[in-house]
Amino acid sequence: MAGDATSLAEALRMGRLTASEAMEASLAAASRWAEIGAIVHLDATLGRAAAKNADARLSRAPNGGQPAPLLGVPSLAKDLGGPFTGLPVAAGSNLVDRGADMADDSDLAARLRAAGLCFFGLTTVPEMGLSLASEPATGPVCRNPLDPGRTPGGSSGGAAAAVAAGIVAIAHATDAGGSIRVPAACCGLFGLKATRGVMPAGPSFGNHLGGIASELALCRSVRDLAAIFGAAAGNARGPFADPSLAPPPAGSLRIGLLVETGEDYPTEPKRSEAVEAAARVLEAEGHSIVAMHWEAFAAGVAASGRALRDIIAVNLGNFVRSTGLDASRAERLTQAFISHGSRLEATTLWATLDAAVHASRAIWSLFDRVDCILTPMLASAPLPIGAFPFDHDDIDLQIHRMTAFAPLAALANVTGFPALTLPFGADGDGLPLPVQILAPMGCDRLLFSLAARLERQGRWQHRFAVAGLT
């Protein structure tokens, strides 16, 4: 697997390198990979101080023991979400003066640090996270290290590019409409949108978006994803009750299989074939496959697109109004979202939210017949740079473009169900063929179990080694 965060943590624990050496390797890799635009803000001093502290903690761990699962592993935070103390988030926008408000750690940020991660910078995002590409006007344009002419996805595109290139082995990410899973799918990584309420979002809940957003990480392996999930999940302290996380069920599963995504958002045959191949692997292990059809998902996908549009727009409109920011400093498409959110009537928003609730109920009904659902993650290969322009004010067009690229991404956010994506092979250009698995509420660990079985097939190999493990 060309290394992952777990193998790097083991090397640190066993003394094969120090946290300071790992940090220097990541800083050197960041410089070497500067042209892909993965990092928007780098603070070597902050990173070196965190690594020095980790070395001190490692030296106190007896007999190779480790007080934190990823102690000393370099990492990057996303320029949206968090916040992380010492890292000046600006959400890829001129609306916000970088460093004007250096906030304390969010609950999630504190847990990621407690897990041992050493942060040294911020990764590139589209302005306010409004795209499945990461090309803010403020710069840099983020490129896919597997093919620099293509996007690494968004809005956690910089995080995905940094992890795929091996600058870091794991990076913080957020997901409000596929923003973890789409970049993972573009770059051959593993990403989870957890069950609603599992991940902490306080104390400010500034990136919570009424429950559709969730934060965690982009990873190079299932074991890394499971490790960081274990370190961050639970006791979220609002606004929802903590979901009960179920262990993976024993015995045969009923696996729903969806390979087509309708006439409006067709998935390329090669990508549908990868989903079917994954299903056949699981079938060979004794699980039963239940064919599913787009008609069961189409209404929920449409409702999810409207909910994503309206919730994000209202959030942005309120943010600009309450902080007194100058909306004219934003990119044209962002201004259109702000305008829509500022003008949206309460009755219209209520109808949107009501439709989202019914979409969630419809997905629940599908889980009466199956234990999980295997679907495409992307309808096509990662799109060319420039495929999601911001030089227009048609917010419905933007939602349509995102849905056409990742038809089943926002559905998990809006309905609250957990969803995991992983690479399951490569196309003729060496780009990943991703699949997505959806599960009932609280069944996140079932997703890890199934993803690990598919990962063991070895159909995807990381192209670039992790800095410090070369």
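Ser 272 is buried, with a relative accessible area of 13%, where buried means under 20% relative accessible area, exposed over 50% and partly exposed in between, with a 1.4 Å probe and protein chains only. This serine is found in helix α8, residues 269-284; helices (H or I, at least four residues) and strands (E, at least two) are DSSP runs, numbered from the N terminus. Leaving aside neighbours within four places in sequence, Ser 272 is in contact with Val 259 and Thr 267, contact meaning heavy atoms within 4.5 Å. Between Ser 272 and Met 128 there are 31 Å in space, C-alpha to C-alpha, and the two are 144 residues apart in sequence.

The model is predicted, and local features need pLDDT of at least 70, side-chain atom pairs count only at pLDDT 80 or more, while totals for chains, interfaces and linings use all residues. Residues are numbered from 1 along each chain as its sequence is written, and side-chain values use heavy atoms, with hydrogens and water left out.

Turning to the strands, β4 (residues 170-175) is largely enclosed by the rest of the structure, because 6 of its 6 residues are buried. In a regular strand the side chains alternate between the two faces of the sheet. Both faces of β4 are covered, with Ile 170, His 172 and Thr 174 buried on one side and Ala 171, Ala 173 and Asp 175 buried on the other. Strand β6 (residues 214-219) runs antiparallel to β4 and is joined to it by 6 bridges; two strands pair if DSSP finds at least two bridges between them. Within this pairing, His 172 has Ala 217 of β6 as its bridge partner.

Strand β5 (residues 190-193) is also covered on both faces, Phe 190 and Leu 192 being buried on one side and Gly 191 and Lys 193 on the other. With β6, β5 pairs in the antiparallel sense over 2 bridges, and the partner of Phe 190 there is Cys 219. With strand β10 (residues 419-426), β5 pairs in the antiparallel sense over 3 bridges, and Lys 193 stands opposite Ala 419 in β10.

The largest nonpolar core has 135 residues, and those with the most contacts inside it are Ile 167 and Ile 228; such a core is a set of buried Ala, Val, Leu, Ile, Met, Phe, Trp, Tyr and Cys residues joined through side-chain atoms within 4.5 Å. A second, separate core of 17 residues includes Phe 297, Val 301, Ala 412 and Leu 438.

What is the volume of the largest pocket? The volume of the largest pocket is about 1,000 Å³, a pocket being an open set of points on a 1 Å grid over the protein atoms alone, with protein on both sides within 12 Å along at least five of seven lines, whereas a cavity is a set of points where a 1.4 Å probe fits but cannot get out, and lining residues have an atom within 4 Å of a point. Grid points are joined across faces, edges and corners, and a volume is the space filled by probe spheres set on the points. Of the 48 residues that line this pocket, Leu 80, Val 89, Ala 91, Gly 206 and Phe 319 lie nearest its centre. Helix α9 gives the most to the pocket lining, with 6 residues.

The structure also holds 3 cavities of 30 Å³ or more, and about 110 Å³ of space lies in the largest cavity. To the lining of the largest cavity, α9 (298-323), α12 (395-405) and α13 (409-415) each supply at least two residues.
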